[in-house]
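This report goes through one structure part by part, beginning with the surfaces that face the DNA.

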2 protein chains.
Amino acid sequence: MSLNEENISLSTPVKTLKNIQTEVKSSGNIAVSVDCVIFGFDENKLKVLLIRSDLKKYRGKWSLLGDLIKTSEDLDQAAHRVLKERTGLTNVFLEQVHGFGSVTRHPAGRVITIAYCSLLNINHYKLKILDNEVHWHHVKNATELAFDHQEIFDICYKWLQKRIQEHPLGFNLLPQKFSLRELQNLYEAILDVKLDRRNFRKKFFAMNFLTDLDEMEQDVPHRPGKLYEFNFKKYKLQKKNWVGIDF
Amino acid sequence: MSLNEENISLSTPVKTLKNIQTEVKSSGNIAVSVDCVIFGFDENKLKVLLIRSDLKKYRGKWSLLGDLIKTSEDLDQAAHRVLKERTGLTNVFLEQVHGFGSVTRHPAGRVITIAYCSLLNINHYKLKILDNEVHWHHVKNATELAFDHQEIFDICYKWLQKRIQEHPLGFNLLPQKFSLRELQNLYEAILDVKLDRRNFRKKFFAMNFLTDLDEMEQDVPHRPGKLYEFNFKKYKLQKKNWVGIDF
DNA sequence: AACAAATGTGTGTATTTTACACATTAAACT
DNA sequence: AGTTTAATGTGTAAAATACACACATTTGTT
């Protein structure tokens with residue numbers, strides 16, 4: 001059997017714009033939201049920003065930060081808006097992860113949500129938690145979330161673990177200047193593994209994306225390490241196209 | 001500065017279910033659709049199933065197969081429904097890839113779409129293209145699609161190229177029994193590279209997920225190769241957790 | 001019987017990954 | 001000031017993996 005690229009058609013009737021507008025409107029009883037899994041790194045632990053559920057049914061439970069999207073904004077814009085409203089930050093790392101659309105996922109009706117991951121440098125001078133119902137949680141304590149937010153969180157966390165090994169996202173969680181120890185702590189916290197210090201350093205030096213700032217850590221209770229910054233420009237230029245089969 | 005896990009709250013007012021229902025309803029002027037990028041493999045080429053746009057504005061252009069989702073179905077269900085309606089097939093490989101929500105992406109109003117990738121074995125005995133406006137296109141000829149479908153297709157194609165190197169998806173595009181040559185052709189077609197035959201075979205044999213069926217290809221105009229099948233069970237058991245930093 | 005076109009197989013080399021130990025530095029403590 | 005503590009900084013050998021590469025074998029075709 002062979003696929004046929006040359007089928008001649010019986011035809012579906014061509015629809016006018018008006019036809020479709022009618023369909024679109026009559027299907028419009030579905031709401032769409034974004035939910036942000038906002039990660040931060042502090043005290044060598046990976047943290048996630050959660051808010052107390054504002055819904056009676058889930059009273060006492062924690063949930064992700066989200067909101068219904070407005071008709072006038074893109075998905076990404078909506079996610080950035082949520083971030084801005086909750087943390088005061090703009091220009092933060094944000095990436096879409098997955099859409100969740102189970103019919104029964106929201107008690108108030110049909111709400112499809114698009115999950116985003118965001119990575120914040122918690123030392124950012126502008127960061128302010130604008131709502132005191134919002135708290136940072138160690139990821140290990142992020143359990144029993146409201147709605148289907150546990151599932152969303154779990155998937156986003158796994159996404160982060162995988163993604164950070166392939167793309168230099170992690171630097172968004174650190175101050176611009178960081179020591180290699182901080183970087184390694186970050187990886188160890190996110191991946192939940194112990195890594196060999198010498199091999200870790202070798203690896204990153206070999207990549208050649210770290211700029212040695214010729215500065216030292218300050219106010220550490222031990223021998224200070226050198227500070228580096230990540231050279232995103234150089235990275236973008238050299239990004240390689242990996243080919244290798246590896247299940 | 002240190003993150004504070006112990007904030008005490010000023011508080012947001014708790015909302016009742018009714019409050020939220022009202023919000024959800026009033027925001028319900030957004031429609032949601034799924035669009036399927038359906039890949040097939042034939043004549044050593046990667047193909048994609050496209051339909052002529054049913055919208056006047058895009059008359060003559062090709063577009064992905066999609067539909068508005070119904071209030072009563074999950075996202076995944078909707079995608080499976082589209083597949084069934086278009087190809088007659090159930091139980092096919094299907095995975096969500098990305099949501100697209102630009103405000104202006106659809107001329108008939110605000111429609112957010114969730115893109116899915118599907119991989120079909122085109123030799124599947126049940127496959128029937130039910131609508132003759134539907135055609136298989138070599139992926140290289142999938143250009144200038146209607147709506148934002150070019151962007152969606154491009155992203156899904158890249159997704160496939162990456163995904164197939166990390167997960168054994170490709171077998172969904174082949175008959176259950178296949179030769180190593182067919183397998184290599186598949187990889188070469190999807191990744192658009194030439195691979196070394198000996199290393200390719202070594203690689204797959206080393207993985208140890210191919211079952212030698214002790215059967216030979218039939219009706220080939222040259223020395224027939226052995227037939228294998230992929231052992232999904234064994235794969236699932238042995239799936240490894242990769243740790244390696246590699247940008 | 002000769003030819004065409006593919007299958008099937010192994011080795012040496014380069015590269016990458018891993019395991020592993022000791023001297024050095026600066027701050028903190030006495 | 002000297003000692004202690006806790007981290008930084010550095011290299012090498014062994015193992016595993018990836019890569020380049022050529023020839024004999026099998027089957028169908030002429």
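## Surface near DNA strand D

In this predicted model, 19 residues lie around DNA strand D, and A:Arg181, A:Arg198, A:Gly225, A:Lys226 and B:Arg223 come nearest. A residue is near a molecule or strand if its C-beta atom, placed from the backbone, lies within 6 Å of it. Two or more residues each are given to this surface by α4 (180-191) and α5 (197-207) of chain A and by α5 (197-207) of chain B. Helices (H or I, at least four residues) and strands (E, at least two) are DSSP runs, numbered from the N terminus. The most comes from α5(A), with three residues.

Sorted by class, the surface near DNA strand D holds ten charged, six polar and three nonpolar residues. Ala, Val, Leu, Ile, Met, Phe, Trp, Tyr, Cys and Pro count as nonpolar, Asp, Glu, Lys and Arg as charged, and the others, Gly among them, as polar.

## Surface near DNA strand C

DNA strand C is surrounded by 19 residues, and the closest are A:Arg223, B:Arg181, B:Arg198, B:Gly225 and B:Lys226. Here the elements that give two or more residues are α5 of chain A and, from chain B, α4 (180-191) and α5. The most comes from α5(B), with three residues. By class, the surface near DNA strand C has ten charged, six polar and three nonpolar residues.

## Numbering and confidence

Residues are numbered from 1 along each chain as its sequence is written, while chains are lettered from A and ligands numbered from 1 in the order in which they are written. As this is a predicted model, local features need pLDDT of at least 70 and side-chain atom pairs count only at pLDDT 80 or more, whereas totals for chains, interfaces and linings use all residues.

## Chain A as a whole

Chain A has six helices and ten strands. Its C-alpha trace spans about 75 × 55 × 30 Å along the principal axes. The radius of gyration of chain A is 23 Å, whereas a compact globule of 247 residues would have one near 18 Å. This radius is taken over C-alpha atoms, and the globule rule is 2.2 Å times the number of residues to the power 0.38.

Of the 247 residues of chain A, 33% count as buried. A residue is buried if 20 or more other C-beta atoms lie within 10 Å of its own, exposed if 12 or fewer, and partly exposed in between, with C-beta atoms placed from the backbone. Among contacts between residues at least 6 apart in the sequence of chain A, 65% join residues at least 24 apart. Two residues are in contact if their C-beta atoms, placed from the backbone, lie within 7 Å.

Helix α2 of chain A (residues 75-87) has 13 residues, which at 1.5 Å a residue should span 18 Å; its end C-alpha atoms are 18 Å apart, in agreement. The expected span is 1.5 Å times one less than the number of residues. Buried residues of α2(A) include A:Leu75, A:Ala78, A:Ala79, A:Val82, A:Leu83 and A:Arg86.

After α2(A) comes A:Gly88, with a positive phi near 80 degrees. A:Gly88 is in the loop between α2 and β5 (93-100) of chain A, and it counts as partly exposed because it has 13 C-beta neighbours inside 10 Å. Not counting residues up to four places away in sequence, A:Gly88 touches A:Lys126, A:Leu127, A:Lys128 and A:Leu130.

## A three-stranded sheet in chain A

Three strands of chain A form an open, antiparallel sheet in the order β8-β10-β9. β8 (178-179) and β9 (210-216) are at the edges with a single partner strand each, so one side of each has no neighbour in the sheet. Two strands pair if DSSP finds at least two bridges between them. β9(A) and β10 (residues 226-230) of chain A pair over four bridges, and A:Thr211 stands opposite A:Glu229 in β10(A).

## Positive phi in chain B

Most residues other than glycine have a negative phi. B:Asn44 has a positive phi of about 60 degrees and is placed in the loop between β1 (31-42) and β2 (45-52) of chain B. B:Asn44 counts as exposed because it has 11 C-beta neighbours inside 10 Å.

B:Asn91 also has a positive phi, near 60 degrees, and lies in the loop between α2 (75-87) and β5 (93-100) of chain B. With 10 C-beta neighbours inside 10 Å, B:Asn91 counts as exposed.
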